[in-house]
Structure formats: structure tokens, C-alpha cells
Amino acid sequence: MVELRPVPFAVLITRMFQELERNGAIFDYPARRIVQAAPARDLSVSIHGHRASTPFGPAAGPHTQLAQNIVLAWLAGGRVMELKTVQIKDDLEIPRPCIDMQTIGFNVEWSQELSLKQSLEEYVKASMLIEMLKAEGLAPGFGDTVFDMSVGYDLAGIRSPKVRAFLDGMKDASEVVERLRGQIPAAFAHFRDLAFPTKLSDTLTLSTFHGCPPEEIESIGAFLLEEAGLHLVVKLNPTLLGRQDLNAILRDRLGYADLMVPDAAFAKDARWEQVVGIIERLGTLAERLGRGFGVKFSNTLLVRNHRHFFTGEKEMYLSGPPLHVLAISLVQKFRQTFGDRFPISFSAGIDAANFADAVALGLKPVSVCTDLLKVGGYGRAQRYFADLAARMEALGATDIDGFVLKAYGQAEPALASLGLPAEQMRKCRDALADGGDLAAAAGDAFSAWVGAARLKNTEIYAARVLADPRYRAAENSVPPKKIGSHLTLFDCLTCDKCIPLCPNDANFSLPIAPTRLPIEHLRRTDDGWTVETSGEVNLEKPRQIGTFADACNECGNCDVMCPEDGGPYLVKPLFFGSRQSWAEAPARDGFAFETRPEGLHMYGRFDGQTVTVVSGKGRVRYIGADFDLTLDPADPAGTTEGTANTPVDLTRLRLMELLRVAVTESGSVNYLSAGLNVA
Ligand code: SF4
Ligand code: SF4
């Protein structure tokens, strides 16, 4: 297995701006698809008093693990970044693959795979990269981004000096910002004077274990509010619905008869009555301390592993369409208990067809993971915004509160429920009738009006999703289409699906024109050197696919979505970010580059055997376990010098040359070319 490694800051900056200039894209996200603000439409929401320019964001998970992921989410309109959960155990071994998107979405993911120190640095890098993009004039009008931390999983871990240092580092990131500022390459020196934010986050979503005792949840919440001084959201489990109600929805209503929630999950997780008490007390504490407090629906649902995707795992976590219905039922239940007293952040089965509805319920942020893992990746969010804009436009809503009031036609019933003085009611009704300023008409009753509409919208939408066939098993049981062929090192359907759907942008395009590589061996004879040809490798496609190993955590998602079998990340040419990361993954064939005074070194491993190619002027040095040769690849028989104890496989040399040129000389931009530029 290869190890996930952060891409150096200087490499990220170089790649980002070179790619934008040469290819009109950033981390393979086309600039033309960057989600832009519309002048007459205010999508902003307040997250614990911080303005976020849109209510959308990536959920804490694979899309917020690395700096480039957060940048990609930003390009797709994300302005509330739910950072991947960190915890005291920061050297986890996660089973691979860990994401199963064949149908509704399962995972065995957990928290950050990076160390706490690396995580902090990734989040700071992301924030600084976003500032640079803003300084370049990208996405004007969508300038405010909120970074929301997530920590787990128990009080002892969260109180530990390591996690405290992470929290303190996010609250005041000055030291990391200044260190990274010094790493901005000279070519981008104009960014060195930017006023990068140093107070990265003071909001946090608490993620507790499935089965975390209720008193532990409350103790952690109190600690985070009181001692850590943070605004807090407590993420809650779908098991709060109770066994009967949950199964009635999941199995009976939606038809997921094969999904079984273990009895222990209900027995161990906090019950509804307990959670109501916790929320009441933590909410009161937060009010006393002047901090924001809310809840999040929902955590994933723990189910028995009845499939064959995650081998060796007894249980797995469910997301996607059925979780949407369960989580909306929880929002309804919560609001029936607490009214509109606490803000609710929402992440469960959001996609283009329901994003605007979640916004209409006043949920904020509305964050997404599962849908962004499908073909199109981050770019899928464009349709969320298009749908929201179209619905707001049709209703004459110019901001989110106006949309909440009008989305389901509940402005009038909500108004009627407030019992306002007749004159104030009349003004509101007039404003509604003639498209006037609702906030001005309602005055200090506006927030109560919007709050009442949120509650009414929730009741309507909760009934609607229960009846909507799109969430049922029958609509979500067909896996992505496979065409029956197996991937090989070169050539494939060349559909490019694997590039944008990788959360880490680890797959990339290699500009290699159709060519024929001779299969050759070089042999020493009494008369010199001779080349024996035994066939050729035929590359027919207009380009090839490569995988950047340092950014690939072998989640398996590109394998599921690729129309061919085998998995691009396992079959396609694998490139490591450094000689060290290449050397530390001896089980994987692959390549690495290193700039040295003698010339560019390219290291290769084929079937476990390593070779090195050192590029020079017209000639290369080609080194293996039992040969060390210098030759001109255009004429090996006539130019070879050096020693070889056995016939030398020249095909490997030709293949490495092909890849070297594609990565470093083709004008294409990738992590490797940017890395060589920086070196
Ligand atoms: S390359 Fe494939 S396996 Fe690797 S992180 Fe990306 S989607 Fe996951
Ligand atoms: S590896 Fe698979 S997903 Fe990627 S371009 Fe080839 S066929 Fe498409």
C-alpha cells in the first residue's frame, strides 16, 4: 500500500497557476465551471456569526483531507469547509478500498489519515491557496469562506495536548502561515505580501463514535464550549430515530430489506430522550457563554456488511439516498421538539435534485460527500447552484431567507402563525404580494417569520421525501456500467471519468500520442552491441492515464466508476512525488523523478525490479541490477557503452522515456512537472 502524502505548498502553488494559464483549469477543474456569484442574488448564510458566501460545502471526509481537495471544493462553490475529522490516534491503518459507491454509498472510512500536524498544515495551505485565487480575481462576490473543524472521538483524546495543539493552531495559525509564506516560490512572489487569514476557525463539529455514551458527548461538548472557547455543532446519529421508526423507513418504506442495523448500535447509541436533555443543557451553556450552538444531521448509519466489497469488515457505514430520508426525518423530529431554536447543519444524500430543498428548510451548511464521489466529482455541485438559482429566480427570491419564505408557499401560513399586530401583518402581506422587501416589512419579526417558514417547510419536505421513489432501493440498485474489459498499463476507453471523480485529483492525463514501442533486448556480442526485436507495444489512444501515488489513498472509488475492470490506481502508470516515497512502497511498480547535478534521474520499478534512467544531452545512462549503460536511445546498437552481464530489456527504457517526456516536456501541468519546476 502507498502512503498518503501532502503535496508541498510550493508545488501546489506552481501547479495551480501554471495549469490555469496553460490549460484553463485548476487541479483538473475547468476554470469555465468555477461557480460564480450573481450580482442580484445573495446566497450567503451566517455560520455562528461568520458570513459564508454560499450554504454549500464539502462534508468532513475525503473531500476535505488535503489542501487541493479544499481548493477544488471552493472552485465548485463550497464556502463552508467541513474539515476532515482529526483525533488523537493519527496513525490509523484504514482498510482498502474504503469507499463503495457501487449503489447507494458505503464506506469504512474514519478520520484523517494524516497526522494532526500535517492536517493543520493542509488546512492552512488550503486557506492560503484560496486567498491567492481570490487575489487573482477568481469567483468575485463569493469571498467569504468558513472553515469548520471536526474532532473526535472521546474526551480523553480531545483534551490531549496533541489535539489541543491542533485546536490552538487553527484558532491562531500565524506560525504556520508565516512558515508557508516563506515557501511561496519566487515566480509567485507577489503573493508573499497577502494578508492571509491567521484565525482559521473557531467553529467545530463534534463527531463521536457510534456508541459513544451520552454523558461523554455532553462532557466533550461542555469542554469545547467552555475550555476550548469554540462555537459547537454536535453531529447526531440516525439511530436516534429508534429501531422501529428507522426500520419502518429504511426497510419497509424505502425497501432496503438487505440493510440491517445491528441491535448493538441502538443499544449503545444515545437515545432520543437522552439527546434532548444534552442539547437542552449544552444549548443553555452556549447561550450563557455567548457561543453558537447547533446540531448536525447526520452521522452515517452503521449497518452489517452484507456485501463483498470490504473484505474482513463486519460492519460498514451507509450514506446516500436512504440516509437523506432518515436524516430529514430526524430534522423533522428535532424541530418538532426544539422548534427553530438551534441551527441545523445537514449532510446526508444531498445531490442536484434536493440541494435547493435542503436550503429551503434553512439548513446550513448543506454539505456533500457521496454525490461528489460520482462521475464528474466536485463539478457536480454546479448543478446544485443552477437549480437553486432557477428556483430563486422563479420565486423572485433574492436571498436565502426570502427563498425559505417562498420555496413551498409557506410565507403566508408562517406569517399567520406569528400573531403580529394587524398593521405589521398588512405590510408583510403587501410586500409578499408585490415582491417588496420582506425583511423591511416584517421589521424585528422577520427572523421569527423565516423561522416559522423553516418549520412548515420541514413538515412538507419530510412527507415528500418519504413518498419520493427516487430514494427507494429499486431506484438505487444498479451499479455503474462495466464493459467487461480489463485495464492495461496503456490504452483504455479514455473516458477520463477517473480524473475529476478522484477526491484528491490523483489521476491525471498523460499527453502521449499514438505510438508503437518496440519490444527489444540489447545484447553484448563479440562485435559490440546488437538489438533483438521481438514485437511491439501499440499505444492507440490519443492520451493515457497516470496516477500520482502520493495523493492516492487507494480509496477504490475510481475502480468502481471506471467502465473497465482492474482499477486505474492499480493498473495505470503510478508516479511517486519523490524518490523516498517511491522507495518506501516496494510492493508497487511505479516511477519517481529527482533533479540532481548529473541530470534528471527517473527511477522505475517493473515487477519489483528497479532501474534508473539519467537524462543527458542526446544520451542517457540506463542502470539496472546487472547493467550500467550509456547510450543514445535512437541508436542503441551503435552508441552503447558500459557493462551488462545479461541481455538488457530496452523496452523499459523506451517506456520510461515516453513517460518522462509526457510528464516533463509535453507542456502539460501535473504535480510532477510542477515539482520539477520547483526543485
Ligand atoms: S486515484 Fe482512485 S483510488 Fe486513488 S484516491 Fe483517487 S479515486 Fe481513490
Ligand atoms: S482508466 Fe477507466 S475511467 Fe480512467 S479514462 Fe480509462 S476507462 Fe476511463
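This is a predicted model: local features need pLDDT of at least 70, side-chain atom pairs count only at pLDDT 80 or more; totals for chains, interfaces and linings use all residues.
Start by selecting Thr-370. It sits in the loop between strand 16 (366–368) and helix 13 (381–395). Its relative accessibility is 11%, so Thr-370 counts as buried. Now show the side chain of Ser-319: it makes a polar contact with the side chain of Thr-370, at 2.8 Å. Leaving aside residues up to four places away in sequence, Thr-370 touches Met-101, Ile-104, Gly-105, Ser-319 and Gly-320.

Next, go to helix 13 and select Arg-391 together with Asp-357. The two form a salt bridge, with the closest N and O atoms 3.0 Å apart. Asp-357 belongs to helix 12 (residues 355–360) and Arg-391 to helix 13, so the pair ties together parts 34 residues apart in sequence. Asp-357 is buried at 6% relative accessibility, while Arg-391 is partly exposed at 22%.

Then select Arg-159 and Glu-227, whose side chains meet in a salt bridge (3.4 Å, N to O). This pair links distant parts of the chain, 68 residues apart: Arg-159 is in helix 4 (residues 155–159) and Glu-227 in helix 7 (residues 214–227). Arg-159 is partly exposed, at 42%, and Glu-227 is partly exposed, at 47%.

Move on to helix 16 (residues 422–434), which holds both Arg-426 and Asp-430, four residues apart, about one turn of the helix. Their side chains form a salt bridge at 2.7 Å, N to O. Asp-430 is partly exposed at 35% relative accessibility.

Finish by selecting Arg-15, Glu-19, Asp-28 and Asp-505, which salt bridges with shared partners join into one network. The salt bridge count comes to 48.

Technical notes: Residues are numbered from 1 along each chain as its sequence is written. Chains are lettered from A and ligands numbered from 1 in the order in which they are written. Side-chain values use heavy atoms; hydrogens and water are left out. Helices (H or I, at least four residues) and strands (E, at least two) are DSSP runs, numbered from the N terminus. Buried means under 20% relative accessible area, exposed over 50%, partly exposed in between (1.4 Å probe, protein chains only). A polar contact is a pair of N or O atoms within 3.5 Å; within protein, one must be able to donate a hydrogen and the other to accept it, and residues adjacent in sequence count only if both atoms are side-chain atoms. Contact means heavy atoms within 4.5 Å. A salt bridge is a side-chain nitrogen of Lys or Arg within 4 Å of a carboxyl oxygen of Asp or Glu.
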